[in-house]
Amino acid sequence: MESVPRSPNGFLASLPADDFELIRPHLRTVDLPSESLLVEVGETLKRAYLPHSGVISLVVKLAKGEHVQVAMVGRDSIFGAFSALGDPTALNSAVVLVPGVASTLDIDRLRAAADHSATFRTTLTRHGLAVYTQIQQTAGCNSSHTVESRLGRCLLQTLDLSGSDKFILTQESMAQMIGARRNSVSLVANTLQQANLIHYSRGHIEITDPNGLRKTACECYATVKAQYDRLLRPRCLA
């Protein structure tokens, strides 16, 4: 049976009608306020989130108190896939990076759908693997690439995941995104603005030249995008 687009969220839109019906009655729509904490590392994740807009940041806390982003989830996918497939204990914290709206679903309902339907379980697994791929690539990126190329990558990913070229990101948020110091982020953001790639003022960012920003970003942006295309095809986002 062909999938029928029914949601601005890529995971929901990719489900065949029978699989979607397994969870449709249990979906609820919630706001994702900026900087709201969805789950702390070590807690039991009780709900999955499927953004329609906005971006969820998955972060780890280091010994000295720093928080570093390891992946982002937006309108393309789902946060909570692996919790439904296995241990519901959160392996990282999840914070709303860009505010928006999401469908939400109890993890138990998501797990029941995966147990009932092999195709649903396969789709859920592929979305979980896509996020895992992003985590792996981010680890290599943060240890090997310049602050400028890492920031370019993250800004482009935020553009893709939020569906908007305008969003609010503080210097602290951007530093957390790429594992860098705030003063380094400030200098690089100013460089990107002088090159007319972005407009940045008091946390408000507009990406004015996406193609130019792609030339600045490291290869990790294209690598993750290619893996997502492979794992999540057919793509259901505009």
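Which residue takes a positive phi just after helix 7? I looked, and Gly 179 is the one, with a phi of about 65°. I'm keeping in mind that this is a predicted model.

While there, I checked helix 7 itself, residues 171–178. Its buried residues are Ser 173, Met 174, Ala 175, Met 177 and Ile 178.

Next, aromatic pairs. My search of the whole structure turned up 1. The ring centres of Phe 11 and Phe 120 sit 5.8 Å apart with the planes at 85°, so I noted the pair as edge-to-face. Phe 11 belongs to helix 1 (residues 10–14) and Phe 120 to helix 5, so the pair ties together parts 109 residues apart in sequence. I found both Phe 11 and Phe 120 buried.

Then I stayed with helix 5, which covers residues 118–144 and also holds Tyr 132. Tyr 132 is partly exposed, at 42% relative accessible area. I see Tyr 132 again in a nonpolar surface patch with Phe 82 and Leu 129. Together the three have about 280 Å² of accessible area.

Last, the cysteines. How many disulfides does the structure hold? I count 0. For Cys 141, the closest cysteine sulfur is that of Cys 218, 3.5 Å away, and that is too far for a bond, because a disulfide needs the two sulfur atoms within 2.5 Å. Cys 154 is in no disulfide either; its nearest cysteine sulfur, in Cys 141, is 7.0 Å away. As for cover, Cys 141 is buried at 0% relative accessible area, and I noted Cys 154 as buried at 0% too.

Notes: Residues numbered from 1 in each chain as written. Predicted model: local features only at pLDDT ≥ 70, side-chain atom pairs only at ≥ 80, totals over all residues. Heavy atoms only, no water. Patch = residues over 30% accessible without salt bridge, like charges linked within 9 Å, V, L, I, M, F, W, Y side chains within 5 Å. Areas by Shrake-Rupley, 256 points an atom, 1.4 Å probe, with all protein chains shown as cover. Salt bridge = Lys/Arg side-chain N within 4 Å of Asp/Glu carboxyl O. Helix = DSSP H or I, 4+ residues; strand = E, 2+ residues; numbered from the N terminus. Buried < 20%, exposed > 50% of the residue type's maximum accessible area, 1.4 Å probe, protein only. Phe/Tyr/Trp six-rings, centres within 6.5 Å; stacked < 30°, edge-to-face > 60°.
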